[in-house]
Amino acid sequence: MAPLSPHLQIYRPFLTMIFSISSRIGMIAFAFSLPFFAILLGSVNISPQLNSLLMTFINFIPIKLIFILWFFIFNHHLLNGFKYFLWSYALGMDIKNVYLTTYIILIANIIMTTIFSWIIF
């Protein structure tokens, strides 16, 4: 039985499709990291020993690199949300503006992530 709609493999990937798919996959990964941040924030008042242990763990270079990736994913989803907010008012829907806002989002995300990386290192 043939599929009812064309599969993703027959399309050549384009920027907006990659942004949409990566935003969804990234937020699934982001959701799995939220319990760690809840434990980190909760340990500030409940268990200072656990908090100091977690802060020691966070200061390792590989963990900081994971934080940079986490921040990039969060910004990617946040900035795409602004684009979809504009689209809900039918602003910037022509293809030229869609690609323009997508490139602006990519550049803004790289700048924001670079600043975040500079702050944590």
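This is a predicted model: local features need pLDDT of at least 70, side-chain atom pairs count only at pLDDT 80 or more; totals for chains, interfaces and linings use all residues.
Figure 1. The buried residues of H3 pack against H1, H2 and H4. They are Ile63, Lys64, Phe67, Ile68, Phe71, Asn75, His76, Leu79, Asn80 and Lys83. An α-helix has 3.6 residues a turn, so residues three or four places apart point the same way.

**Figure 2. Helix H3 from end to end.** H3 has 28 residues. At 1.5 Å a residue, these should span 40 Å. The end C-alpha atoms lie 41 Å apart, which agrees with that expectation. Just after the helix comes Ala90, with a positive phi of about 60 degrees.

Figure 3. Asn80 belongs to helix H3, which covers residues 61-88. Its relative accessible area is 1%, so Asn80 counts as buried, the cut-off being under 20%. Leaving out residues up to four places away in sequence, Asn80 touches Phe19, Ser23 and Ile105. Of the elements around it, helix H1 runs over residues 15-46, and helix H4 over residues 95-120.

**Figure 4. The largest nonpolar core.** Nine residues make up this core: Phe37, Leu40, Leu54, Ile58, Ile63, Phe67, Ile68, Phe71 and Phe116. Helices H1, H2 and H3 each give two or more residues to the core. H3 gives the most, with four. Leu40 is one of the core residues. Beyond its neighbours within four places in sequence, Leu40 is in contact with Asn51, Leu54, Met55 and Ile58. Leu54 and Ile58 are also members of the core.

**Figure 5. Leu50 in helix H2.** H2 spans residues 48-58. Leu50 has a relative accessibility of 34%, so this residue counts as partly exposed: the class lies between 20% and 50%. Leu50 touches Ile39 and Ser43, not counting residues up to four places away in sequence. Ile25 is 25 residues from Leu50 along the chain, and their C-alpha atoms are separated by 31 Å.

**Figure 6. A nonpolar patch on the surface.** The patch is formed by Ile107, Ile111, Ile115, Trp118 and Ile119. Together these residues have about 600 Å² of accessible area. Ile107 lies in helix H4.

Notes. Residues are numbered from 1 along each chain as its sequence is written. Side-chain values use heavy atoms; hydrogens and water are left out. Buried means under 20% relative accessible area, exposed over 50%, partly exposed in between (1.4 Å probe, protein chains only). Contact means heavy atoms within 4.5 Å. Patches are made of residues with over 30% relative accessible area and no salt bridge: like charges are joined within 9 Å, nonpolar side chains (Val, Leu, Ile, Met, Phe, Trp, Tyr) within 5 Å. Accessible areas come from the Shrake-Rupley method with a 1.4 Å probe; for residues, only the protein chains shown count as cover. A salt bridge is a side-chain nitrogen of Lys or Arg within 4 Å of a carboxyl oxygen of Asp or Glu. A nonpolar core is a set of buried Ala, Val, Leu, Ile, Met, Phe, Trp, Tyr and Cys residues joined through side-chain atoms within 4.5 Å. The expected span of a helix is 1.5 Å times one less than its number of residues.
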